[in-house]
Every structure is written in structure tokens, then in C-alpha cells.
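Hi there,

Here is the structure I promised to pass on. Have a look, and my notes follow below.

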Amino acid sequence: MDIEQILATEIAAGVTVGDIFTVEFMASVLGDVVLALVLIVLAFVISGWARRRITALGERHKALDDTLFTFLGNIARYVILAFAAMFILNTFGVQTTSLVAAIGAAGIAIGLALQGTLSNLAAGIMIILFRPIKNGDFVEVAGEMGTVRNISLNMTELASLSNVQILIPNSDVWGNEIKNYSAYPTRRAEWEFGVGYGANLAEAERIILQTIMADERSHTTPEPFIQVNTLNSSSVDFLVRVWVDAGDYFAYQADMKRKVKEALDAGGVDIPFPTRTIIHENATADQAQAAAE
């Protein structure tokens with residue numbers, strides 16, 4: 001085979017080996033390459049701009065969830081890049097229809113191999129879209145309690161009460177009970193305070209209620225609740241319920257226990273503690289009777 005036959009060999013539809021070495025062909029290829037580079041740069045610039053604009057909406061308005069708009073911004077970026085890639089491939093004559101079919105088939109195989117990861121991904125999308133929790137919420141999920149620091153597509157990050165990082169797979173978050181202590185602006189604190197049977201119950205009730213309501217964190221609406229709840233073996237127990245801001249709940253509930261104890265002591269109200277009488281087996285009848293009395 002001589003050189004002329006080699007140059008006349010067709011390598012593509014209407015394109016021969018000899019055409020590759022022509023100025024016209026080289027110019028067209030160079031033009032496509034330059035166009036592809038321009039499209040790539042534009043795609044990254046536009047996708048980055050779109051992501052920043054969408055993310056900024058959530059940051060600008062407090063009523064909007066930052067996590068949701070961060071997720072939407074990333075989706076917009078990937079969609080723009082995908083369309084740019086398809087356009088560039090079409091520019092070079094690549095049949096994207098068959099390519100999409102091949103990617104779909106490969107995606108099925110990868111999906112079967114990564115079922116756990118895809119489960120976390122699907123759960124992450126559900127969490128971001130339905131927002132049962134969001135950044136800054138104090139929650140209890142999958143047996144762990146802490147403040148939500150970040151929700152990604154694969155896992156949820158909590159900071160525990162001792163500021164330890166806890167990473168929970170999203171499938172465990174979405175598939176288990178979620179307690180969101182920050183969902184509502186107020187919470188109801190509840191205590192039981194015991195006084196002796198010989199105490200003046202009306203006076204004890206007044207001291208307890210006055211002490212708690214003197215704290216500026218206590219809400220007057222809804223009205224506080226206090227009532228004798230249990231007659232125990234050694235005490236009469238008051239059940240007390242008062243509403244407070246959710247952010248003050250833990251410190252408030254602990255503070256009131258000490259303040260009420262000190263107020264009852266100052267008011268001369270007896271706070272009983274369990275007592276037990278022990279009779280030795282060798283004790284005489286008179287000694288046993290005296291101990292029982």
C-alpha cells in the first residue's frame with residue numbers, strides 16, 4: 001500500500017487520513033478546542049456564581065434554612081456543569097445518547113455495590129428537604145444528644161454537651177426517633193418538691209411558687225401550676241410546672257431546685273428524708289417496743 005492509498009483511507013464519516021494534515025482541518029479542530037476551553041471556563045464561572053447567589057439567599061434571610069439553600073446551590077452548580085459537558089461532547093461529535101445510556105448502566109451496578117452509601121445519601125436529601133432538624137438545633141437522635149453543627153448528604157455532625165464531635169450516618173438519623181428540643185420557642189420545666197407531713201401546706205405552696213416566679217426567666221403565661229401530687233411514706237410532694245424559654249431550660253431547672261430548697265429552709269418548712277428503724281434480733285421486747293415508738 002503506497003502513501004496515496006494511506007492518505008485516502010477514511011477514518012470517520014467523510015474524513016480521511018489526508019484531511020487530518022490539511023490547514024482547514026487543523027483550524028476546525030483548534031477552533032473546537034478553543035470553544036471547549038471557553039465553555040469550560042464559562043461553566044465553572046456561571047455555576048460558581050449561581051451557587052453563591054442561591055446560598056446567599058439562605059444567609060440573608062433568617063426565616064430561610066441555610067442548609068436547604070446550600071444544598072440547592074450545589075445542585076444548581078452540578079446541573080450547569082453537566083449541561084456544559086454535554087454541549088462540549090456534542091461539539092466534538094460524541095453521541096451523548098449512547099454515553100448517557102452507558103452511564104446509566106454503570107450507575108445501576110455502582111448503586112448495587114454502594115447500597116449503604118446511597119441510603120445515607122437518600123436520607124440526607126430527605127433531611128435537607130423536610131428539615132426535621134437544622135444547624136444550631138439541640139437534638140437527640142440515634143441515642144446521641146447534642147447541637148447540630150452540620151448536615152451533609154452523607155452524615156450529620158453533632159457537638160455533644162462536652163463539645164465532642166459526633167458523626168451520625170444520615171440513614172440512622174432519618175430512620176430513628178428524633179427529639180428536637182429547639183423546635184419550639186418555649187418549654188415546660190417540671191419539679192417535685194417534698195415537705196413533711198407536719199408542714200403547713202399552704203405556706204409551703206406559697207414559698208415554692210413565690211421563689212420560682214421571682215426569677216425573671218419564669219413565664220406568667222401560661223399560668224404556673226402547683227398542686228399536691230403524691231402522699232409518700234415520709235413526705236407530701238408538690239408537683240410544679242412553669243414555662244420558660246427553650247434556651248434557658250437546663251440552667252433554669254437546675255437553679256430552681258437549689259433556690260426552692262434554700263427558701264423552704266429559710267421559711268422553716270421541714271424537708272423530710274427517709275428514715276429506717278433497725279431492731280436487733282437479740283433485743284428484748286421492751287427494747288423493741290421502745291425503738292418502734
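What is the bridge partner of Glu140 in β4? It is Met145. Some ground rules: this is a predicted model, where local features need pLDDT of at least 70, side-chain atom pairs count only at pLDDT 80 or more, and totals for chains, interfaces and linings use all residues. Residues are numbered from 1 along each chain as its sequence is written, and side-chain values use heavy atoms, leaving out hydrogens and water.

On to the sheet. Strands β3 (residues 138-141) and β4 (residues 144-151) pair in the antiparallel sense over four bridges; strands are DSSP runs of E, at least two residues, numbered from the N terminus, and two of them pair if DSSP finds at least two bridges between them. Both belong to an open, antiparallel sheet of five strands, ordered β6-β5-β4-β3-β7. β6 (165-169) and β7 (178-180) are at the edges with a single partner strand each, so one side of each has no neighbour in the sheet.

Phe138, in strand β3, is buried at 12% relative accessibility, while Tyr181 is partly exposed at 21% (buried is under 20% relative accessible area, exposed over 50%, partly exposed in between, with a 1.4 Å probe and protein chains only).

Enjoy exploring!
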